[in-house]
Amino acid sequence: MSGTLVQSPSVPATATWLGRAGLAPFLALPAGMLVDSARLTLWSNLLSAYAFGILTFLLGAWWGIALLKRYTSVLVLSNVLFLLLLSAFVLMPAGSFFLAAATCFFVVLWTERRHALFAPQPDYYARLRLQLSSVASAALIIAAMLSWNWR
């Protein structure tokens, strides 16, 4: 087997499908907050944990890429962002965490668009990440408004 990677033509379709499926909790949990205010804390906690998990996954992907390409700055940045995100998750009320997480989605996206390490991203992936980050951030901002509305 040679060292050349062959990309399947189904990768963009699979990535798109998986990415969009991953938006379901970002959409369903704020809807739960809206229609079932009796369980607002449950829906908020689930959304906080899901957003934290997705952002941790994205930052973790940076680790693998940065280790392979030897970009110390990205390793450090991923750790700093993770520690800030963890602090927000643990210390902030849900509404404030939702805003911090929405901001973090765009910081991650902006970094991926600007840093040389991520330059070889395929166009479909860059577009998909913009779409997914935008929807996730909008859902988190709506959830923040919903969580503050019922206090």
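In this model, Pro25, Phe26, Leu29, Pro30, Gly32 and Met33 of helix H2 meet Leu40, Trp43, Ser44, Leu46, Leu47, Tyr50, Ala51 and Ile54 of helix H3, where contact means heavy atoms within 4.5 Å. The model is predicted, so that local features need pLDDT of at least 70 and side-chain atom pairs count only at pLDDT 80 or more, while totals for chains, interfaces and linings use all residues. Residues are numbered from 1 along each chain as its sequence is written, and side-chain values use heavy atoms, with hydrogens and water left out.

The protein has six helices and zero strands, and its pattern along the sequence reads α-α-α-α-α-α; helices (H or I, at least four residues) and strands (E, at least two) are DSSP runs, numbered from the N terminus. Taken along the principal axes, the C-alpha atoms fill a box of roughly 60 × 35 × 25 Å.

H2 (residues 24–35) packs against H3 at an angle of about 160°, with the axes 8 Å apart; axes are lines fitted to C-alpha atoms, for helices over the stretch in contact, and angles run from 0 to 180 degrees between N-to-C directions. H2 and H3 are therefore roughly antiparallel to each other, a term for angles over 145 degrees. The crossing of H2 and H3 is left-handed, that is, the near helix is turned anticlockwise from the far one by less than a right angle.

H3 (residues 40–69) also packs with H4, at an angle of about 170° and with the axes 9 Å apart, and H3 and H4 are therefore roughly antiparallel. Their contact includes Phe52, Trp62 and Trp63 of H3, and Phe82, Leu86 and Phe89 of H4, and this crossing of H3 and H4 is left-handed.

A further partner of H3 is helix H6 (residues 123–149), whose axis comes within 11 Å of that of H3 and crosses it at roughly 150°. H3 passes H6 in a left-handed crossing, and the contact is made by Leu40, Ser44, Leu47, Ala51 and Leu58 of H3 with Arg129, Leu140, Ala143 and Ser147 of H6.

How values were computed. Angles under 35 degrees count as roughly parallel, over 145 as roughly antiparallel, 65 to 115 as roughly perpendicular and the rest as oblique.
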